[in-house]
Amino acid sequence: MKITMLGYNPPAGYSGGRYYSWMVAEGLALAGHEVTYLTNHRPAFLGDFKDFPAHRQVRLRLTHDFFWDLPRRAQDLLILVPHRDLNPSFYFKAEMHARLIGAQLASISFETPNWFNGVAPVAHDTDLWKHWRQLGRRMRLIISLTATGQGHAQKWFGETNGTRFDYCYPPINTIVADAVEETAGEPRIVLFGRFSNAQHKGSDAIDQLLDPAMKGHRLHLIVGTGKVPDAIRQGIEERTRELGIGLQVHHELTDREKFQLIKGARLLMFPSLFEGYGIPPVEAQYCNVRCVAFDLPVLREVNKDGIRYAEYGNYEDFRRLSAEALAAGPPPAGLREAIEPVARFEAFADRIGRVIEQGLAGRAPEPARELSTR
C-alpha cells in the first residue's frame with residue numbers, strides 16, 4: 001500500500017504526538033508499505049531512528065505550505081497528524097490533497113476535547129479541535145492511542161459518514177533502550193517536566209512531590225525544550241536543598257541519553273494529571289524501574305499493575321508511595337516482561353499494520369468503552 005502521512009513539526013523540539021506519528025511511519029514501512037512523510041520542518045528527533053530496520057524506506061518530504069509543493073503521485077491512504085488550530089487552512093488542504101492523489105483519508109487521535117476538558121485542571125478552547133472534527137466525520141479511519149481514547153473519540157465525533165474507529169498502543173524506542181547499558185553511580189530519581197501551556201502535566205508542583213526519604217538521591221529533571229519558569233525552579237531548588245536532594249536539569253536529550261538516566265534509576269515520578277497515553281511509565285517499566293503516577297485510566301489500561309498509582313491529585317499520597325518505592329529495594333520480577341508486548345517496536349509494527357488493513361477493509365467499528373470521569 002502507498003501511504004502518505006501529513007502533519008506539522010516545530011522548527012525545534014517536539015511533542016510526544018509528533019514522535020508517535022514518526023513511529024507510525026517507521027512501523028508501516030517495516031510492515032512493507034511505501035511510506036512518505038510530509039511536514040514543514042525536519043523532525044528534531046530523527047537521529048533517534050537511524051538504526052530502525054526500515055528507516056531508509058520512509059521518504060521525508062518538506063513543504064512550505066502543505067499544498068502547492070506536495071508530490072502528486074497517486075496514493076492509497078493519507079494519514080493526517082492533527083494539531084489544535086483555529087485556522088481551518090491545514091485541514092482544508094489535507095482534504096484537497098487526499099482528493100488530488102486519490103487517497104482515502106485517516107487520522108491519528110491524540111485526545112479529544114470532551115476527554116481533555118473533563119480531566120485537565122485548565123480547559124482548552126474546544127474551537128481548537130473544531131476543524132479536525134468536521135473533517136474527521138468524513139474520514140475512513142480514526143486511530144486513537146488507547147481503547148480509553150477511542151471511546152471518548154467515538155462519543156465526541158458522534159454521527160459520522162461511516163468512519164471506523166480503532167486504537168494502537170504506541171511503542172517506545174526499544175532499539176535504543178536495548179543498546180544502553182545500565183550505569184552505576186549515585187542513587188537517582190527521574191522526572192519528566194513540561195512547562196509551556198501544560199498545567200495538566202503537574203510540573204508546576206514538583207516541589208510538592210519531594211520527600212525526606214529522597215535524601216542522598218539526585219533528582220534528574222528532563223525538560224526537553226524551553227526553560228523551567230524562574231518561580232517554579234526556585235521552589236524546586238529550595239526544596240531539594242532543604243531535603244538534601246541533588247538536582248540536575250536536562251534539556252533536549254537524545255533517546256540514548258534519556259535511557260542512560262532511566263536505566264538504573266531508583267524511581268521515575270510521573271505526576272501528570274492528564275495523558276492521552278503516557279510514554280515515561282512504559283519506558284520505566286521496560287527498564288525495570290519503579291514508577292509512581294497519579295491514577296489515570298490510560299495508565300491502568302496500558303501499565304496495569306506495573307506501576308504504583310497515587311490518588312488523583314493527592315500529593316501526600318504520591319510522596320508516600322514514592323518513599324515506599326525507594327525503601328522497597330530491587331523492583332519486582334516480571335516488570336519488563338509484562339510490558340514488552342506493548343513497548344516493543346516490532347510488535348507495534350504488526351499492530352499498526354493490522355489496524356490500517358482492517359480499518360480500510362471495512363471491519364465493523366469497535367464498541368465504545370465504558371468511560372471514566374478521568
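Let's start with Phe 66, which sits in the loop between β3 (58–62) and β4 (77–81). Helices (H or I, at least four residues) and strands (E, at least two) are DSSP runs, numbered from the N terminus. What you have here is a predicted model, where local features need pLDDT of at least 70, side-chain atom pairs count only at pLDDT 80 or more, and totals for chains, interfaces and linings use all residues. Residues are numbered from 1 along each chain as its sequence is written, and side-chain values use heavy atoms, with hydrogens and water left out.

Back to the loops. Phe 66 isn't a glycine, yet it has a positive phi of about 60°. Glu 252 isn't a glycine either, and its phi is positive too, at about 50°. You'll find Glu 252 in the loop between β10 (246–251) and α8 (255–262).

| Residue | Relative accessible area | State |
|---|---|---|
| Phe 66 | 4% | buried |
| Glu 252 | 58% | exposed |
| Leu 296 | 2% | buried |

Leu 296 belongs to the loop between β12 (291–294) and α10 (297–303). Leaving aside neighbours within four places in sequence, Leu 296 is in contact (heavy atoms within 4.5 Å) with Ser 272, Leu 273, Phe 274, Glu 275 and Tyr 312. Its C-alpha atom is separated by 9.4 Å from that of Ala 310, 14 residues apart along the chain.

Now for the inside. A nonpolar core is a set of buried Ala, Val, Leu, Ile, Met, Phe, Trp, Tyr and Cys residues joined through side-chain atoms within 4.5 Å. The largest one has 92 residues, and Ile 79, Ile 108, Leu 268 and Ile 356 touch the most other members. Helix α1 (residues 16–30) gives the most to this core, with eight residues. Beyond four places in sequence, the contacts of Ile 79 include Leu 28, Ala 106, Ile 108 and Ile 356. There is also a second, separate core of 27 residues, with Leu 219, Met 269, Val 292 and Leu 326 among them.

How far does the predictor trust all this? The mean pLDDT (the predictor's confidence in each residue, from 0 to 100) is 92 for the protein chain, and 97% of its residues reach 70 or more. Over residues 363–373, though, pLDDT stays under 50, and the model has 28 contacts beyond four places in sequence for them. Where pLDDT is low, the predicted coordinates should not be read in detail.

Definitions and conventions. Buried means under 20% relative accessible area, exposed over 50%, partly exposed in between (1.4 Å probe, protein chains only).
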